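Please keep the sequence and the coordinates open while reading.

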Amino acid sequence: MPSETVQRVRADLVDAVDPATKESGKRFFKEEVLAYGVKIPVVNAIAKRHLKEVRAAGLGKDDVYALCGELWASGYLEEAIVACAFAESQGKVYEPSDFEVFEGWVHEYVTNWATCDTLCNHTVGDLLMRFPELGERLVGWTGSANRWVRRAAAVSLIVPARKGLFHPLVLRIADALLTDTDDLVRKGYGWMLKAAADHDQRMVFDYVMEHKDTMPRTALRYAIEKMSPELKQQAMAR
């Protein structure tokens with residue numbers, strides 16, 4: 001039986017269902033996605049409200065992660081977003097061993113770009129910034145048969161890359177995913193390169209110029225999106 005906290009989260013999500021949101025949400029995914037149909041700002045407000053309960057109850061990190069596991073296991077998009085908010089709330093007490101917990105969620109529960117990016121951009125990204133030695137673990141994800149695990153290897157570095165962190169690893173991940181045949185993986189590592197360019201545009205431009213003959217155009221366009229028209233023209237020229 002679900003814990004009382006999870007039951008209350010689910011009840012609030014059911015009460016907040018918006019038929020128009022449920023219908024419009026189908027346009028954003030190529031695969032079947034299980035969703036209540038709740039606007040994301042409302043989901044975030046529900047997560048914030050129940051986080052106050054979790055804190056008031058004095059739950060430790062392991063108990064919070066257990067709640068996250070219950071939410072992830074439902075398969076619902078909105079419950080996954082709440083789970084990510086709960087996990088992020090433990091940032092001050094993260095430990096290196098938490099990587100195995102988050103990695104397990106990536107492998108077992110992530111089935112679309114939204115849950116991949118929500119989990120990896122901040123939950124995994126924040127952990128990596130606390131413990132940079134864990135970054136090497138992402139290289140192993142690039143060889144996964146699971147498209148979402150490969151995308152996760154890239155999007156986990158987006159927030160750190162914007163801060164000027166992990167740039168050598170960014171290039172290694174890009175190398176590993178360079179000719180990936182999955183469009184969402186291509187977009188993921190292109191986005192990672194674009195984030196790195198916020199801090200070091202020259203590094204990313206040089207990388208694109210070196211690899212533009214083999215880099216899929218989707219990834220290339222993402223990587224150079226914020227660059228000047230002149231640099232874009234050079235990068236796109238064959």
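The model is predicted. A search of the whole structure gives zero disulfides, helix α7 bends by about 35 degrees at C120, and E79 is buried within helix α5.

**Helix α3**

- Helix α3 covers residues 40-56, which makes 17 residues.
- From first to last C-alpha, α3 reaches 24 Å, close to the 24 Å expected at 1.5 Å a residue.
- The buried residues of α3 are V43, I46, A47, H50, L51 and V54.
- Viewed down the axis of α3, these buried residues fall within an arc of 145 degrees, so they line one face of the helix.
- An α-helix has 3.6 residues a turn, so residues three or four places apart point the same way.
- On the face turned away from the buried side, α3 carries the exposed residues P41, K48, K52, R55 and A56.
- The cover over the buried residues of α3 includes α1 (4-15), α4 (61-73) and α5.
- Just after α3, G58 has a positive phi of about 70 degrees.

**Helix α7**

- Helix α7 runs over residues 113-130 and has 18 residues.
- At 1.5 Å a residue, α7 should span 26 Å, and the 24 Å between its end C-alpha atoms agrees with that.
- The bend in α7, about 35 degrees, is located at C120.
- At the start of α7, a side-chain oxygen of N112 comes to within 3.0 Å of the backbone nitrogen of A114.
- Buried residues in α7 include A114, T115, C116, D117, L119 and C120.
- Further along α7, N121, T123, V124, G125, L127 and L128 are buried.

- E79 belongs to helix α5, residues 77-88.
- The relative accessible area of E79 is 1%, so E79 is buried, the limit being under 20%.
- Setting aside residues up to four places away in sequence, E79 touches R10, L13, Y36, E70, L71 and S74.
- T21 is 58 residues from E79 along the chain, and the C-alpha atoms of the two are separated by 16 Å.

**Cysteines**

- How many disulfides does a search of the whole structure find? The count is zero.
- The closest cysteine sulfur to that of C68 belongs to C84 and is 7.8 Å away, too far for a bond.
- C68 counts as buried, at 0% relative accessibility.
- C116 is in no disulfide either; the nearest cysteine sulfur to its own is that of C120, 4.4 Å away. A disulfide requires the two sulfur atoms to be within 2.5 Å.
- C116 has 0% relative accessibility and so counts as buried.

**D98**

- D98 is in helix α6, which covers residues 98-109.
- With a relative accessible area of 3%, D98 is buried.
- Not counting residues up to four places away in sequence, D98 touches K61, Y65, V93 and L127. L127 is one of the buried residues of α7.
- D98 and K194 lie 96 residues apart in sequence, and their C-alpha atoms are 28 Å apart in space.

- H211 lies in helix α13, residues 201-211.
- Is H211 buried or exposed? H211 is buried, with a relative accessible area of 15%.
- Leaving aside neighbours within four places in sequence, H211 is in contact with D175 and L178.
- F166 sits in the loop between α10 (158-162) and α11 (167-177).
- The phi of F166 is near 60 degrees, a positive value in a residue other than glycine.
- F166 is buried, with a relative accessible area of 16%.

Technical notes:
Residues are numbered from 1 along each chain as its sequence is written. This is a predicted model: local features need pLDDT of at least 70, side-chain atom pairs count only at pLDDT 80 or more; totals for chains, interfaces and linings use all residues. Side-chain values use heavy atoms; hydrogens and water are left out. Helices (H or I, at least four residues) and strands (E, at least two) are DSSP runs, numbered from the N terminus. Buried means under 20% relative accessible area, exposed over 50%, partly exposed in between (1.4 Å probe, protein chains only). Contact means heavy atoms within 4.5 Å. The expected span of a helix is 1.5 Å times one less than its number of residues. The bend at a residue is the angle between axes fitted to the seven residues ending there and the seven starting there. A polar contact is a pair of N or O atoms within 3.5 Å; within protein, one must be able to donate a hydrogen and the other to accept it, and residues adjacent in sequence count only if both atoms are side-chain atoms. The arc is that of the directions from the helix axis to the C-beta atoms.
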